[in-house]
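Subject: The model we talked about

Hi there,

Here is the structure I promised to pass on.

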Amino acid sequence: MSGASGPVGPVGPEGPAPSGEVVDARGLRCPAPVIRLARAAKDAAPGAVVTVWWTDPAARHDIPAWARMRGHEVLDTVPLEEPAAGDAAHGPAWATRVRLAG
Amino acid sequence: MRTYLDAGGRAPVHPVAREAFLAALDDGWADPRRVHAEGRRARLLLDAARETFAEALGARTAEVHLTPGHTASLHAAVAATTRARRRVGTRVVLPAVERAAVIAAARAAGEAVVVGVDRAGRVDLDAWRAAVGATTALAVLQHANGEVGTRQPVAEAHAHALAARVPLLVDAGASVGHVDVGADWDVLAADPPDWGGVPGVGVLAVRARVRTAPVGPEDEDPWAPGGVSVPAAVAGAAALRAVLAERAAPDPRAALVARIRERVAATVPDVEVVGDPDHRLPHVVTFSCLYVDGEALLGALDRRGFAVGSGSACTSSSLEPSHVLAAMGVLTHGNVRIALPRNVTAEQVDAFLAVLPEVVAEVRGAVGAGGL
């Protein structure tokens with residue numbers, strides 16, 4: 001139903017996955033993560049990869065739905081390692097990579 | 001002036017139900033299990049209500065049980081049928097878009113085997129059929145989804161369940177009183193407040209051929225320990241008789257739903273109208289607006305006099321959005337869920353459609369999401 005897509009494995013903020021811009025939407029509630037992502041997408045070049053970090057459960061469903069409505073492609077969603085202990089006030093964080101429509 | 005567009009599961013009380021409820025307070029207040037004249041009078045009213053439900057559902061009166069409400073019906077139906085078949089297995093097969101009460105009951109009773117749905121919310125019938133087999137205790141398929149209006153292929157599902165000798169539970173809580181639910185079920189739950197009854201009673205029909213083993217402490221009435229509200233049962237039956245007698249074909253609300261689906265898509269930018277466009281309930285319609293906070297949208301509509309529902313996470317007590325929208329893979333935020341009450345007018349729907357685009361624009365503008 002709502003499993004992560006693509007390869008699963010922890011990715012640090014400096015890890016291999018993100019290429020291009022990173023949007024930090026951790027701690028934000030719906031629809032803010034998608035709005036932040038859309039703002040970044042608006043300013044990015046066509047075909048660019050934008051990564052969004054999120055904690056809100058609704059983002060798991062709404063980022064792919066937004067991408068489908070806009071013609072973008074979700075590459076993968078993987079668990080995000082917290083950069084520092086004590087940042088976990090909002091529950092587990094995830095990183096989703098989106099390739100913008102070209 | 002208020003316009004109520006959130007009638008799913010709790011419609012405005014039908015005038016006939018109100019009258020019947022008040023009359024039953026006078027004549028049916030006594031405990032129907034007692035054998036004196038007052039108790040017998042209440043018993044007669046209760047039996048007449050069950051007869052009405054049985055006739056409307058195409059069941060025998062002995063097959064109709066009354067419960068404290070729809071959630072209680074679903075909990076008891078899953079628990080009692082699963083327990084009776086524990087030698088066969090404990091698997092309960094159900095689509096991901098069943099009511100939360102059904103999913104929770106399946107998890108409590110045994111192993112919930114959840115089957116996916118397509119973008120319209122229709123069950124993956126091949127996967128459902130493949131899952132319903134020799135070790136299945138209970139198969140579940142709602143008649144129609146009350147959140148998005150999509151009707152399910154219950155006839156095909158029931159044919160398979162019969163062949164596999166697995167009982168089929170059909171949650172018809174969003175359908176009874178609105179559409180003919182047919183005979184493709186072994187256990188069927190109906191929800192009186194959804195068609196204009198008074199809250200406090202549920203209807204559960206169990207075919208005589210289905211074995212059940214009630215769960216819980218022993219009681220004279222295992223489906224409603226302590227008994228049910230006689231006035232609520234009487235009111236629910238009176239409302240059902242009334243709505244079935246009033247029902248026109250086609251339901252005039254179907255044209256209003258089609259109009260909402262068409263106008264919302266045409267006048268609100270970045271909106272996703274969800275659910276099956278054709279095979280659907282005549283009174284339920286749902287859409288999601290991109291970049292919109294569902295709670296803010298409901299509040300803004302409420303201030304303008306319109307009551308609507310929502311499956312967005314921010315309108316629920318939990319952080320989780322509607323599991324139905326999530327399973328369908330559609331946008332969960334900015335969601336508006338409409339269930340038209342029976343007496344809704346075209347003018348009310350048009351008034352809603354007239355304010356909606358500006359309300360959505362206002363809510364988007366407030367978070368700086370216009371033009372994204």
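First, some housekeeping. This is a predicted model, in which local features need pLDDT of at least 70 and side-chain atom pairs count only at pLDDT 80 or more, while totals for chains, interfaces and linings use all residues. Residues are numbered from 1 along each chain as its sequence is written, chains are lettered from A and ligands numbered from 1 in the order in which they are written, and side-chain values use heavy atoms, with hydrogens and water left out.

**Chain B against chain A**

Chain B brings 26 residues into contact with 19 residues of chain A (contact means heavy atoms within 4.5 Å). About 2,000 Å² is buried between these chains, with carbon and sulfur atoms giving 63% of that area; buried area here is the accessible area (1.4 Å probe) that two parts lose on being put together, summed over both. On the chain B side, the residues that lose the most area to chain A are Tyr291(B), Leu319(B) and Leu372(B), together 27% of what that side buries.

The rule finds two salt bridges across this interface (a side-chain nitrogen of Lys or Arg within 4 Å of a carboxyl oxygen of Asp or Glu). Glu272(B) and Arg68(A) meet in a salt bridge through their side chains, at 2.7 Å, N to O.

**Inside chain B**

How many residues of domain 1 of chain B are in contact with domain 2 of chain B? There are 28, and they meet 22 residues of domain 2. The area buried between these domains is about 1,900 Å², of which carbon and sulfur atoms give 58%. Glu147(B), Val148(B) and His178(B) supply 35% of the area that domain 1 buries against domain 2, more than any other three residues.

Glu147(B) also takes part in a salt bridge: its side chain meets that of Arg337(B) at 3.3 Å, N to O. The count between the two domains is one salt bridge. By class, the side of domain 1 that touches domain 2 has twelve nonpolar, eight polar and eight charged residues (Ala, Val, Leu, Ile, Met, Phe, Trp, Tyr, Cys and Pro count as nonpolar, Asp, Glu, Lys and Arg as charged, and the others, Gly among them, as polar).

Best wishes
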